[in-house]
Amino acid sequence: MVENKNILEIDNVTVSFDGFKALNSLSLEIKKSQMVAIIGPNGAGKTTLQDVITGKTKIDNGKIYFKNNDLSQFSEHAIVELGIGRKFQRPTIIENISVWDNLCIALNTKKNFLSCLFNQLKNQDLNKLVEIISTINLKEKKNLIAKNLSHGEKQWLEIGMLLMQQSDLLLIDEPVAGMTEIETKKTSDLLLSIAKDRTIIVVEHDMNFIESLNVEIIVLHEGSVLTRGNMNSIKKNKQVIDVYLGR
Amino acid sequence: MNKQLFENKKSLINNIYLLLGDTTGKYLITILIISIFLLPILHIYIPEESFFHISSYTISLLGKYLCFALLALSLDLIWGYTGILSLGHGAFFGLGGYMMGMHLMREIGDRGVYGNSELPDFMVFLNWEELPWFWYGFDSFLFASLMVILVPGLLAFIFSALAFGSRVTGVYFSIITQALVFTLMLAFFQNDFGFGGNNGLTDFKDILGKDISSKETRGALYSCSAIMLILGYLICRIIISSKIGNILVGIRDRENRMRFLGYNTTVFKIIIFTISAILAGIAGALYVPQVGIINPGEFSPIKSIEIVVWVALGGRGFLYGAIIGAIVVNVLKSYLTIISPEIWIIFLGLIFILVTIYLPNGLTDLRRIIKRNYGRK
Amino acid sequence: MYIILVFTNLNYLLADNNNLRNHILELDTKDFNKKIVSIEKISEIKTDLSLLTLKSILNGKLFIRKSDKKILLVEVIDRKYNAYDFFDKKELGIEKKRKLKKIKINNKIRNILNNKIAILQLSSGTTRQKTEAIFDIIKEGNQKTLIIINELLLKEKDKELLLNLNLAKNSIIARYGNEIEKIEAVKSLSGSTNNDIVNILKSIVNNKIISENIKLEATKSLEASLGNIKFNNILKTTFFGLSLGSVLLLAAIGLAITFGVVGVINMAHGELIMIGAYSAYVVQQIIPNNISASIIISIPVAFVFTGFVGVLIERLIVKNLYGRPLETLLATFGLSLILQQTVRSIFSPLNKTVYSPEWMSGITRIGGLELTNNRIVIIIFTLIVFLTVVYILKKTLFGLQMRAVTQNRKMASAMGINTKKIDMFTFAFGAGVAGVAGVALSQITNVGPNLGQNYIIDSFMVVVFGGVGNLFGTFIGAFGLGLGNKLLEPYVGAIVSKIFILLFIIIFIQFRPKGLFSLKGRMVDE
């Protein structure tokens, strides 16, 4: 097979809930080491799209390939092992353990019962932990129980956990919702700094934030792709304006 | 500098010390270790008139409490850490007990009322011709001990694999565990089921060739219970203080996140549930020779739910909390039922309500509240 | 004029009683042939008392006091002989056994008595008593009874009775008639589901001396009868299944509301049912003279009272634990223990009887089927309760708000619905329905402190099986499980069939964790 430059290929995917088509013959390709932003009005299918990629929701029709693997053959945790990490809209970290432990359980080691039981941190793992906890600016709070972090810090911790996994593709859902301006700025810096060697899909409403990322934008509408392009072309697109302003 | 900050190499002794948990846990284990030797000695060698003598009733009662403590421990592992509330842990306890009871029945031999060396009394009474196949092998203590682990373990494995595999969680899981234990109760009440029906298994004579009611046996059984409880505690501590402890908390608080971190949470839950069931089964097996009977009442849903109150009162998610809870509740039960069974039932009901509403962490909350109020004055 | 009539009537009665007394005293002999003669004479008197005499002899309750030859009815309770005057029914206290003489009978006399009783009942009494009498005749009839039946056939107007009389007539002819009569009679017995007729047909088929022609017809008739019996059995099983299903549904509706709508696991649900049943008991103690009224009044009383208990539970316990289902489960379980014990302390641990009104007791015959009235009433009552609940949920403002809160609590709150109030009322409503269920259950089971315990697991199974939050699912679940249970029962027995049903549900839940009918979609598992 020819070397495939697309890390993710979504081919004609349909998902319906009780007759409502959340995704309607959606097709989409994402290249390797690219950061893209997905926007779209409510009900456009953004969350469902992430659900099908991560295997949480089964698709009715169509195929999804990640690194040439047909994802319908994999369970949720196997998809993670293939290299897809997901950050939820609301921070989903483990609140009752420390920041450090949160990162430890995200560490990309064998994740079966026995190896977890006899797990000892190796030096290289330790280095990685230190590196990432510095990247997400939580080094001073490493022993803090995670529920005591601020909202923004929780979001960063979750991004840090995805980094620990060494995923090739990160799905990030509304990372800056509810953040202060300073936190938003820090988050965009963080994303840009980690985007160098991995593919990132950001789903976001905040247009200023997306503009600051300066990446390609994909517009979803009624379960399929309306258009894609850079910020300037999207802003001028008549269809997009219609969708957002209402007909 | 970073290296020092995150240094985590520990010496072996240090590891074991840490395994024992915080101060309360260490005290508890120390007391248990001392009691392994002290109580049987006081029971066997101190003359009965002496103040320090421990009667056979008391030592069996204490042994029984320790079995309950092990049972509570097993529930804490699955409920306190993993957030899965089993309302059917009596099923595993009871099955473990029945496995041991079957062996003790076989050991009676021809000393039963009917003097039949081939069949236990109740089978003779029911006019059975021969031993049912599932009683084969129970003549051997080793085989029975194996079954004590295998039967509850296997049932828990199959049951939880089905349930967790299809993502049955929360209250639904609790309800079907209750249905499971209720089903077992109905089944074991049946004479045709082959386990003595109503009356269960009783009238045991020997265990491992020793008279089951002799002082030495009672002492030994107490020591075994204490040793198993310590072992159970250590096993749970090993699991909890490894990375798995955090993973289980993760499963409890945010199972989705754990899945997206690449953990097959289903497998973790199945394994923990099975380990928990095996511990419960062992507790049951130790319980039966000390109380001298096992009957289907052990499978009644109320008994299973009582286990939950032990853990809730002791404070879940501490392990030693479960042990303390089990002992405290059962000591209270022993005293209050003597005063009046009605008071005990009302009291039990009140513990359920008050603990869940006001002391979500059980006695540890109480300690904190007392400290706080005391401190203000 | 009228007075004279009454007087003459009374005189007749007195004369009859004197006759009766003499004949009964004649029974005090060891000669069974003489006894038979006396019994014939007694049965000729044809009054209620003579019927009672025959029945009492048959049941061994008729005694003669040795000292004064007084005729007594004796109830033997705990080996004590409680005596009553036979004629005026006055209680005479406990008599010593050796001072009494019992009228002894043998098998031959027993048969005669059965027959005579049947004939007496045929000529008087209600339609149902007459029908019973006819069935007795089928069992024991002979040529003599045939004459009586023929007489009755001329007089009787009731269609059902005529049908049964003909059946009885043919059952006698089939045994005692000539060849041609027999064939006709056997033909006419075809398809009857009466047990005795089936036995008669069987004995004809197996009789070696009877001609082949008759046997052939008898075989045909027998096959038709057995077919009908099988069909009847299916109907009967279905009826029992529906009956069990309605009980399950009654017990589960309240739970379906609290669990499905408010999302609260109420382990004390069974105790709310129990409280409803005790409400019926208390109401009956207050108005002991009118059982019908007491049952009907106790329905609203139970609804309001258990509803009120529901409010208390919600305010004092459940409110503190919303969003913590497992804790709610434990706290309400603790509450169930307290409620049980409280009731045990107030009413004693013994079972209480709540009497059934007349229209609920007895049997309704449909074809060859005998359906007990109380079960029929419960089925109908359950449907009424169910439809009322559905109506309230679907058509009233309260129901609308309730559904709004179930589907989207935040949105409902934003629309100005006081969600906390709705939670409380919903919980109270579910509790009230449980109380009503308790009244119904008091009619078919003993009322005791443990009444609720027996239903809690079943109710949960029904709700979970049907799909939480879906009343229609609960309906299907209840009747499905009820029918399944009763269909299995003939093959494996009651307990084992229950075990199978439980196992079935446990396994079923593994494959459809959300039950038969579940909400589907993205929001459901959030």
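Predicted model: local features only at pLDDT ≥ 70, side-chain atom pairs only at ≥ 80, totals over all residues.
Two residues are taken to be in contact if their C-beta atoms, placed from the backbone, lie within 7 Å. Leaving aside neighbours within four places in sequence, Leu71(B) is in contact with His89(B) and Phe93(B), with Ala280(B) and Ala283(B), and with Ile307(B) and Ala326(B).

Leu71(B) also belongs to the largest nonpolar core, which comprises 279 residues. Together with Ala72(B), Leu73(B) and Ile253(C), Leu71(B) touches the most other members of this core. Helix H10 of chain C, spanning residues 212-262, gives the most to the core, contributing 16 residues. Another core, of 45 residues, lies apart from it; Leu51(C), Leu62(C), Ile117(C) and Ala218(C) are among its members.

The contact between chains B and C involves 35 residues of chain B and 32 residues of chain C. On the side of chain B that touches chain C, at least two residues are supplied by each of helix H7 (141-165), helix H8 (170-189), helix H13 (301-314) and helix H15 (341-358). The largest share of this side, 13 residues, comes from H8(B). In composition, the side of chain B that touches chain C divides into 25 nonpolar, eight polar and two charged residues.

Chain A contains ten helices and ten strands. Its radius of gyration is 18 Å, close to the 18 Å given by the globule rule for 247 residues, so chain A is as compact as a globular protein of that length. Taken along the principal axes, the box filled by the C-alpha atoms of chain A is roughly 55 × 40 × 40 Å. Buried residues account for 43% of the 247 residues in chain A. Of the contacts in chain A with a separation of 6 or more, 68% are between residues 24 or more positions apart.

For chain C, the secondary structure amounts to 20 helices and seven strands. The radius of gyration of chain C is 30 Å, well over the 24 Å that the globule rule gives for 526 residues; chain C is therefore more spread out than a compact globule. The C-alpha trace of chain C spans about 90 × 60 × 50 Å along its principal axes. Of the 526 residues in chain C, 42% count as buried. Residues at least 24 apart in sequence are joined by 68% of the contacts in chain C between residues at least 6 apart.

Note on methods:
Residues numbered from 1 in each chain as written. Chains lettered and ligands numbered in written order. Helix = DSSP H or I, 4+ residues; strand = E, 2+ residues; numbered from the N terminus. Rg over C-alpha atoms; globule rule 2.2 N^0.38 Å. Buried ≥ 20, exposed ≤ 12 C-beta atoms within 10 Å, placed from the backbone. Core = buried A, V, L, I, M, F, W, Y, C linked by C-beta atoms within 7 Å. Nonpolar A, V, L, I, M, F, W, Y, C, P; charged D, E, K, R; others polar.
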